[in-house]
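Dear colleague,

I am passing a protein structure on to you, together with some notes on what I found in it. Please open it alongside this message and follow the notes in order.

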Amino acid sequence: MSLLPPTGSLIPVDAPFSAAQESWLAGFIAGIAAAGKKASAAAPTTTIDVLFGTQTGNAEFLADELVSGAKARGLGGRASALDAVTPEQLAGMSHVLVVTSTYGEGEMPDNAGLFWDAIQASTVPRLEGLQYAVLGLGDTSYDEFCQAGKLLDTRFEQLGATRIHDRVDCDVDYEDPAALWTAAVLDRLAAEAGAQPAGAQPAGGGAAAGPATSVAAAGGAGASRASRPGAQWNKRNPYPSRLVENRLLSSPRSAKEIRHYEFDLGDSGIEYAAGDALAVVPVNDEVFVGQLLEQVGANGGEALDGRPIAEVLRTDREVRTPSKDLIADLVQRAPSSELAAVVSHGDKHELDRWLWGRDVLDLLRDAGPAAPGLDELLPNLRPLQARQYSISSSPLAHPDRIHLTIASVRYGDPHRMYAGVASTFLADRVSPDGTVDVYLQPNAAFGVPADDSAPMVMIGPGTGIAPFRGFLHERAVAGATGRNWLFFGDQHRDTDFVYEDELTELQEQGVLDRLDLAFSRDQAEKVYVQTRMLEQATELYRWLEDGAHVYVCGDASRMAKDVESALLSVIADQRARGADDAQAYLADMRRGKRYVRDVY
């Protein structure tokens with residue numbers, strides 16, 4: 001759909017404003033218009049329910065912005081996670097705005113899955129009295145782009161709800177389209193309700209809103225972040241943090257290279273929480289960029305928007321991971337290539353297997369003489385994105401620094417070596433005390449229990465230990481009395497037991513009550529964290545019955561699924577009431593935010 005301002009807007013479509021500025025102006029103009037209404041006008045009764053499904057926090061922040069924008073326009077507003085709403089409650093709502101991300105291969109995010117299951121039931125109430133709109137967040141590099149939003153949009157329509165605005169599907173750079181959608185939807189609802197902006201005075205009593213009105217009040221993208229300390233640092237304005245520590249954690253003999261990093265927060269004002277993530281803005285490897293330029297017959301001095309193309313490729317474009325547009329273009333240009341042969345089979349899994357480990361340079365070489373030149377290649381290179389990493393420290397223990405625990409990605413052979421964009425940028429190309437552009441990615445759903453006495457069960461093999469190191473430091477400094485149990489593992493104990501000294505000390509201090517280890521290759525039969533969970537089923541279930549919060553961090557495609565299967569087996573075996581009962585038990589834990597995941 002078009003992302004132009006709504007019909008009747010006084011803001012010209014070619015006005016030189018950003019999306020957030022347009023959103024603010026829309027609210028400002030609406031406020032002036034509403035200020036002219038008679039003082040006797042009835043107070044609006046419309047309440048907007050904003051329902052969000054989120055994996056990393058972006059959808060929740062946008063939901064907060066929608067609520068702020070609704071209230072600024074004189075409407076009622078409240079935000080809830082999708083899983084916190086029953087079909088019966090949904091049927092009693094009048095106006096619903098849904099903001100949801102998509103997880104994995106087109107799946108609902110963790111706090112929306114139960115809601116989705118519930119509204120697919122044949123007995124679900126009809127929604128003829130409900131008006132709604134959907135905003136989807138996603139990534140066009142995935143086949144099932146914004147699938148969660150599409151599914152919810154369709155299901156609401158099937159149940160008889162009235163769509164009040166077309167769905168918008170946002171790519172990774174979601175801020176501008178989200179701001180335009182927010183302004184359009186809220187302006188329409190405010191106009192229909194005859195709402196008067198919050199704080200407006202009757203006619204003759206002054207303007208309803210003025211230049212002091214915040215972006216949050218206008219409902220523009222970035223609003224909720226703007227209210228947080230240090231929130232001026234974001235994707236478009238990252239903070240140049242000094243990298244003050246880069247330390248190898250794993251043994252030099254390990255098959256992995258896991259490093260500990262510390263970033264100085266300086267005078268940034270950034271305030272983080274244990275469980276948040278830090279977004280690192282990487283710079284591409286200069287040597288690889290040179291190889292890519294040589295492949296397309298360019299010298300790097302060519303200009304693009306007044307900048308040398310070599311600099312553009314280093315800082316602005318994704319040159320490692322091929323985009324879907326590039327794949328499609330290369331298939332058309334080189335129909336006899338190996339890539340074209342794989343694509344012709346129509347098997348997505350076969351294509352994924354073939355693409356695994358290959359980068360843009362590989363695909364250009366595969367296309368041979370038919371490969372595009374520089375000018376034709378550039379439009380098919382996606383913008384270079386920041387990489388998000390779970391923070392492995394606590395602000396109670398380290399208020400002035402953020403710690404990360406990252407595995408450097410390196411693979412290949414003597415003929416061609418490959419490297420992760422951000423992991424090797426940090427490991428190899430940032431000088432001691434050099435600066436790295438970063439910004440905070442809050443994750444309100446993933447943090448230590450508010451109740452200091454509640455038990456915690458943490459499951460995080462490999463670098464999945466990162467947030468749990470922060471959790472343990474948090475509880476140690478806070479003097480929390482709740483018991484703590486960590487399941488950790490990797491390949492070999494003697495080379496891959498990262499933070500061993502710290503964990504041993506935490507055990508000695510009585511902070512870490514249980515530590516179950518699973519080093520998969522130290523014995524003939526492989527052992528994983530889920531193996532240890534099943535071995536400790538009786539005790540694990542006892543902790544669950546005592547109100548333990550269960551956290552999982554790590555690989556989504558295999559580990560997290562295997563851990564959930566093990567958890568369901570533990571519950572089913574201990575309760576002896578069947579698989580459906582175990583599913584319901586775990587669903588209750590999800591609703592109570594006692595089972596949460598930080599998976600990737």
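At what angle do helix H17 and helix H19 pack, and how far apart are their axes? Before the answer, a word on the source: this is a predicted model, in which local features need a pLDDT of at least 70 and side-chain atom pairs count only at pLDDT 80 or more, while totals for chains, interfaces and linings use all residues. Residues are numbered from 1 along each chain as its sequence is written, and side-chain values use heavy atoms, with hydrogens and water left out.

Two packed helices are described by the angle between their axes and the distance between the axes. Helix H17 (residues 466–478) and helix H19 (residues 500–508) pack at about 35 degrees, and their axes are 12 Å apart. Here axes are lines fitted to C-alpha atoms, for helices over the stretch in contact, and angles run from 0 to 180 degrees between N-to-C directions. Helices (H or I, at least four residues) and strands (E, at least two) are DSSP runs, numbered from the N terminus. The crossing of H17 and H19 is left-handed, a term used if the near helix is turned anticlockwise from the far one by less than a right angle. On the H17 side the residues are Arg469, Leu472, His473 and Ala476, and they meet Glu502, Leu503 and Leu506 in H19, where contact means heavy atoms within 4.5 Å. By class, this contact has four nonpolar, one polar and two charged residues; Ala, Val, Leu, Ile, Met, Phe, Trp, Tyr, Cys and Pro count as nonpolar, Asp, Glu, Lys and Arg as charged, and the others, Gly among them, as polar.

Next, the chain as a whole. The protein chain has 23 helices and 21 strands, and its average pLDDT (the predictor's confidence in each residue, from 0 to 100) is 89, with 87% of the residues scoring at least 70. Two stretches call for care: over residues 1–9 the pLDDT is below 50, and this stretch has 12 contacts in the model beyond near neighbours in sequence. Over residues 201–226 the pLDDT is also below 50, and that stretch has 61 such contacts. Of the 600 residues in the protein chain, 52% are buried, where buried means under 20% relative accessible area, exposed over 50%, and partly exposed in between (1.4 Å probe, protein chains only). Among contacts between residues at least 6 apart in sequence, 78% join residues at least 24 apart.

Now to the interior. A nonpolar core is a set of buried Ala, Val, Leu, Ile, Met, Phe, Trp, Tyr and Cys residues joined through side-chain atoms within 4.5 Å. The largest such core has 33 residues, of which Val457, Ile459, Met533, Leu544, Val550 and Leu567 touch the most other members. Elements that each supply at least two residues of this core include strand S17 (456–459), strand S20 (549–554) and helix H22 (559–575), and H22 gives the largest share, nine residues. A second, separate core of 29 residues includes Ile309, Leu326, Val360 and Leu378.

Histidine 403 is found in strand S13 (residues 401–407), and it counts as buried because its relative accessible area is 1%. Leaving aside neighbours within four places in sequence, histidine 403 is in contact with residues including His260, Tyr261, Glu262 and Arg469, and Arg469 is also one of the H17 residues that meet H19.

Cysteine 146 and aspartate 305 can be read as a pair. Cysteine 146, in the loop between strand S4 (131–137) and helix H5 (147–158), has a phi near 55 degrees, a positive value in a residue other than glycine. Aspartate 305, in the loop between strand S10 (303–304) and strand S11 (307–308), has a positive phi of about 55 degrees although it is not a glycine. Cysteine 146 counts as buried because its relative accessibility is 1%, whereas aspartate 305, at 75%, counts as exposed.

Lastly, glycine 77 sits in strand S2 (residues 76–81) and, at 15% relative accessibility, counts as buried. Its contacts, not counting residues up to four places away in sequence, are Thr47, Ile48, Val67 and Lys71.

With best wishes
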